[in-house]
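Here is a briefing on helix packing and charged pairs. Please view the sequence and the structure first.

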Amino acid sequence: MNQVTAPLIREHGVLVESLRDVAAAYESGSPIGASSLVRFLQDALLLHRRREEDILFPALVGRIEGEIDERLGLIEVPAQRSDSWIGARELLLGLLASTIAEHQHLATMLASLDGRPTGCPADARSVRRDLRYLMRQFLKHTSREQNQLYPLAEAMLSNPEKRRLRSRMDACTAPEWVA
């Protein structure tokens, strides 16, 4: 059961649909509608990033580093740190670092769309091209999270840790679109 990652997976679906709505608004020649959708998407992405970067990722780092986290309690550490454990640690830390970098890249690309002119055909083509690129990058990003990072999180964390993290995620200010 995806106790801790289920809301994040749901958010991915909402974000993808919202990106499609932005593309449709630009396609229909409604830059004002597209602009408000972009701002909505920026807010939604920020909430999603907070849940990952401020709640889930620190717990995973704490789990792999064997640190004590006051919110989660003592995290067990393997008595013997084998080469495979060290390799898993490096893999996880690399995956987290690249995910955070992707979050920033996606946010920057999304911000660049806000208020873009679409009046002439060349501007409209440019926006459509950038939207297609953004969608491809976002789908690649979410696929990697859902197929690599989230299963790793579910396997690494104990059920009590997952429940506490899920409770913290649920406590994040969530707009209505999350429900």
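Predicted model: local features only at pLDDT ≥ 70, side-chain atom pairs only at ≥ 80, totals over all residues.

Residues are numbered from 1 along each chain as its sequence is written, and side-chain values use heavy atoms, leaving out hydrogens and water.

**Helix α1**
- Helix α1 (residues 6–27) has 22 residues; helices are DSSP runs of H or I, at least four residues, numbered from the N terminus.
- Among the buried residues of α1 are Pro 7, Glu 11, Ser 18 and Tyr 26, where buried means under 20% relative accessible area with a 1.4 Å probe, protein chains only.

**Packing on α4**
- α1 packs with helix α4 (residues 121–156) at an angle of about 170°, the axes being 11 Å apart; axes are lines fitted to C-alpha atoms over the stretch in contact, and angles run from 0 to 180 degrees between N-to-C directions.
- α1 is therefore roughly antiparallel to α4 (angles over 145 degrees).

**Salt bridges**
- The structure holds 8 salt bridges, each a side-chain nitrogen of Lys or Arg within 4 Å of a carboxyl oxygen of Asp or Glu.
- Glu 11 and Arg 51 form one at 2.0 Å, N to O; Glu 11 is in α1 and Arg 51 in helix α2 (residues 31–65), so the pair ties together parts 40 residues apart in sequence.
- Both Glu 11 and Arg 51 are buried.
- Glu 161 pairs with Arg 63 in a salt bridge, with the closest N and O atoms 3.4 Å apart, and both residues are buried.

Definitions and conventions
Helix = DSSP H or I, 4+ residues; strand = E, 2+ residues; numbered from the N terminus. Expected span 1.5 Å × (residues − 1). Buried < 20%, exposed > 50% of the residue type's maximum accessible area, 1.4 Å probe, protein only. Parallel < 35°, antiparallel > 145°, perpendicular 65-115°, else oblique.
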